[in-house]
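Keep the picture open while you read.

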Amino acid sequence: MAAPSDPPEERIDVGVLIVGAGPAGLACAIRLGQLLEESPEMAERLGEVPVAVLEKGKSVGAHLVSGAVVNPRGLRRLYRGRGLRIEDIPSYGAVEHESVYYLTNRSALRIPTPPTMRNDGNFVASLSQLSRWLAEQAEAGGAVILPETAAQKLLVTGARTVGVRTGDKGLGKDGEPLGNFEPGSDVTAKVTVLAEGTQGHLTGVALDRFGLVGEDPQVWALGVKEVWKVARPLDRVIHTMGWPLRGGRRYREFGGSFIYPMGDDMLTIGMVVGLDYRDVELSVHDLLQELKTHRFVRRMLEGGERIGWGAKTIPEGGFVALPRRLHAPGLLLTGDGAGFVNVPALKGIHYAIESGRLAAEAAFAALQPGRTPWTPGALASYDDSVRRSFIHKDLEQVRNMRQAFAHGFLMGGAMAGAMTMSFGKFPPTNMDTHPDAAVRLIRTRRSASYPAPDGKLTFDKLSSVYLSGNKTRDDAPNHIRVRTDVPAGVGRLWERMCPAQVYEVAEDGGETTVEVTPSNCVQCGAITAKGGRLTPPEGGSGPEYTVT
Amino acid sequence: MATLVFLEHHEGELLKPALGVLSKAAELGGDVAGVVLGSGVRDLAATAGAYGASKVYVADKPELEKPLPQPRVDALAGLVRDQGFDTVLFAASVLSADVAAGLSARLGAGLNWDLTDLVQQDGTLIGKRPALGDTVYVDVGWNGEPRLGLIRAGTFDPKESGGEAEVEDFDVGFEDFSLGATMVEQAHAESEGPSIEDADVIVAGGRGLGSPDNFKLVEELAQALGGAVAATRAVVDAGWYPYATQVGQTGKTVAPKLYVACGISGAIQHKVGMQSSGVIVAINKDPNAPIFDFCDLGVVGDLHEIVPKLTELVRQRKS
Amino acid sequence: MKIAVCVKHVPEGTTHARIDPGTMRLDRSGEGAINPFDTHAVEEALRIKDAQGGEVLIVSMGPQSAQDSVRKALAMGADAALLVTDDAAAGSDLVGTTNVLAAALEPESADLILFGQQAGDSDGAVLWAAVADRLRRPVISQVAELTVGDGKVTGKRQTEFGYDTIEAPLPAVVAVSDAINEPRYPSLKGIMGARSKPQRTVSVSELGVDGGGIGEGGSRTSVQALNDPPPRGDTVKIEDDGSAAEKIVEYLAEKKVV
């Protein structure tokens, strides 16, 4: 957080600045475009660039990973009265059938689909691909999208957010300027909307410095997924629980897998595990590889070819982990960054879109003549509208589900069932959430059963990082704030946890240290949940996802 | 088929890759002629007969003294038109690529490059070439004549057929613009070893070396083999060797005739930088290292023992 | 000084490049970006402009999406752009592409025309020599160091035998190698300013190029078939019993690499 430092004529001034070209940020940009079209005087007042969207990935969608089965509700509201047809939205088709299975290492038992997981009316999509379509829409509405641009610092004067400072480019390993050094710029705006997604860098700063943190700390899960070309079409959306996760309470392995058809010749398969697990040997990437060896899954992939891989964290704290306020003078928080994810339903995209839309409306209202968005409370209408929206209603109803699973799968399942039946009334209060980093670690021989990569069905981490399109330059500064002199257990935890093999435990004469290879990093955010801190590296680096 | 092969020369000798293309052309059949362009090169021309040319055309002109492409385009364009060649082949080099491209524009003729084989298929000439980082092989053809082909250097080996070639001089009309570029100073053989991009042999070191001092083993083997030294990302990151020698996705891509990988695991980030090498030899003490899946000769053992012995044997062999 | 730089919009990322078995052509439907080799040419042009003044014109031939690459070059600091975009030109071979580019460049009367050293998508490293011939200008390729002044260019050309120093009078065509410079990052101001720089789009017929010679139909080369790469052959794997070094030398001798 800092005050603007560029001389005024060097600063770039925009009307509304949106950080992040994901579903929340782009929905915000689209809605603003709609409002400005109806209000040309406002567009004039916002200057040459009324709406700008900063994106740290090489292009829109480059850093987006999700399942995804999308609830069209958010998009319908965004395009209400504008004749949006479902066929206009890039998707892989409506969900026609779905099944939930409980897996053991040998079998797959079909269990009734929990009501929170029903997907009637929803469609399968690649979030990366969907965002490119949203970006086109946003640009058609006048937004300027700036990829390869990382927002490094929040610019504030007093308590008022006035914009962001973008990251420097062309720095060497030790932070020294290289031949093509290009300093970042101050981008100032009347309203700044943070739509950074999970583990948002500036969002974290804002929550902390503006006292916005909710009653319970946020907790995260790590998702690792692959996209496959397949020989036989998959006819249904599948979710699994159980194997390869261990249900015993001491392990705290909460999560499951998803397998979604993508048209007739592709599917996506992913593993999601809460980061409050306790076994240092747990590796979500390797659990995914192991999952694929199950008879039930292997059959689906036979004759196929892996064409995509990605990893990202998902905020799982739900209702109790939401910030206590979603705005500050000149600032709005949206999407996954604010924690709008419904864990039992595995949905967050439509909430992101709705929150982006509501943020646009609040910003627009606060920019009307005679009003200023930076007076305290000027943007409070955003909080009100979110509280009245389906985002809040849904999250409140399922508020204790995730926390119940800390008690183990069977117990958690029973409790979750009771919660669903009672529409959130059981238990009457909120269950505690413990920060992921505070769990007591154990060590088992879990890694013994991870399959050795065969390059056809199962793959190692490095070839997966390669498939993500990651070509980050090796001489860039290390963007991960982490101590390398940690106890062996923590080092081991990180080594297994990281899907991109960024951390490796090295022995140096009896002492263990952690070696960090930041250029492998796919910016999933897991390290921030477990004792380190991910900051945005040079804009344009990291993965280049296209079908995730 | 009436084929003309461009015979590049350097310091008084016809280049081996060019002679290799000539031998291949002879194998494909039809009339095969060579062309030698330069100043004071008539003697060179006759030697081409031994490699399959029935005739060698020579243009011995001061304008052709320096290895510049454009005067050569003038020479070849005229020759091809006058003699009616339907196929013109080049062994790829910095010079010949420019000549072939210029000729393609001059004659409006199709040019296929980076060919690694030429075959006759159903009475037509088909070229074969790798594409997309060597992940797919493509059959390419030509529409119309003459057909121009640039063959990857070193694809074909010269075969002596012991024939004799008739040598014929021909005249060249030079365009004004072709004589615009002039050679101020010509390259001379470098005293140090080749750069890794040009090297025929590369010896590379990875983390398995154990310490930066052990790069000495790599350097000595490279020297014995007359090759260059390369390094993996991991050791460059650790500061053991300079970034300029890094081979891999975020470093250089190389395709030498021989690549010796010492203590390198073979992660894909490294593999994509060297997978097109002719012969890959890997020495690693880990039998499960991924490099053993794509090398030609995999040696499971201690490189600290094997590499010095290897260096010694190579030196003995060469002396 | 007027410098024209030819840039190409290529499919993004080698991991996703594929040839469409239906059309036998590179699948250009996904994301694309400016050919990384061309950014060195843009950078060199900008350095000359920074030192001596003048203007830098970006010239590109490609689909509509090539606007992205052109804009990147404008964001770096180029002054204007000319994009030749025409469905008829898709699938053009070297001669077709040369005809189009030469027709686009001729009326611009640039003092210097720069190219990057190869196209990442087709690995072709030859276009500039063909364009230079069509424009009837001297050409220097593989230039690792360039000086411009007194109505001429001097380039250090990288060859198999070392470096040649070659001089040519302007107007000239030069292809620069990626060793020549480190391309600058566009500043945010540059990116935002790119949108308002003059960008013209023309079709092939507007350039007066004969439609017969371009596009896939006019191509003088063709892709006949796609095959898997020839197998490397089985890996010979041995364990060192003390004689590994000898075995290696034997193997190398057999393969004729030593």
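Predicted model: local features only at pLDDT ≥ 70, side-chain atom pairs only at ≥ 80, totals over all residues.

Start with where chain B meets chain C. Chain B puts 73 residues into this contact, and chain C puts in 65 residues. On the chain B side, the top contributor is helix 4 (residues 94-107), which gives nine residues. Sort that side by class and you get 39 nonpolar, 20 polar and 14 charged residues.

Strand 18 (residues 297-300) of chain B runs parallel to strand 15 (residues 236-239) of chain C, and four bridges join them. To find one of these spots, look for Val299(B): its bridge partner in strand 15 of chain C is Ile238(C).

Now turn to chain C and chain A. Here the contact takes 15 residues from chain C and 19 residues from chain A. The chain C side splits into five nonpolar, five polar and five charged residues.

Here are the two contacts in one place:

| Contact | Residues from one chain | Residues from the other chain |
|---|---|---|
| B with C | chain B: 73 residues | chain C: 65 residues |
| C with A | chain C: 15 residues | chain A: 19 residues |

Last stop: helix 1 (residues 36-52) of chain C. This helix has 17 residues and reaches 25 Å from its first C-alpha to its last, close to the expected 24 Å. Several of its residues are buried, including Phe37(C), His40(C), Val42(C), Leu46(C) and Ile48(C). Charged ones turn up among the buried residues too, such as Asp38(C), Glu43(C) and Glu44(C).

Technical notes. Residues numbered from 1 in each chain as written. Chains lettered and ligands numbered in written order. Contact = placed C-beta atoms within 7 Å. Helix = DSSP H or I, 4+ residues; strand = E, 2+ residues; numbered from the N terminus. Pairing = 2+ DSSP bridges. Expected span 1.5 Å × (residues − 1). Buried ≥ 20, exposed ≤ 12 C-beta atoms within 10 Å, placed from the backbone.
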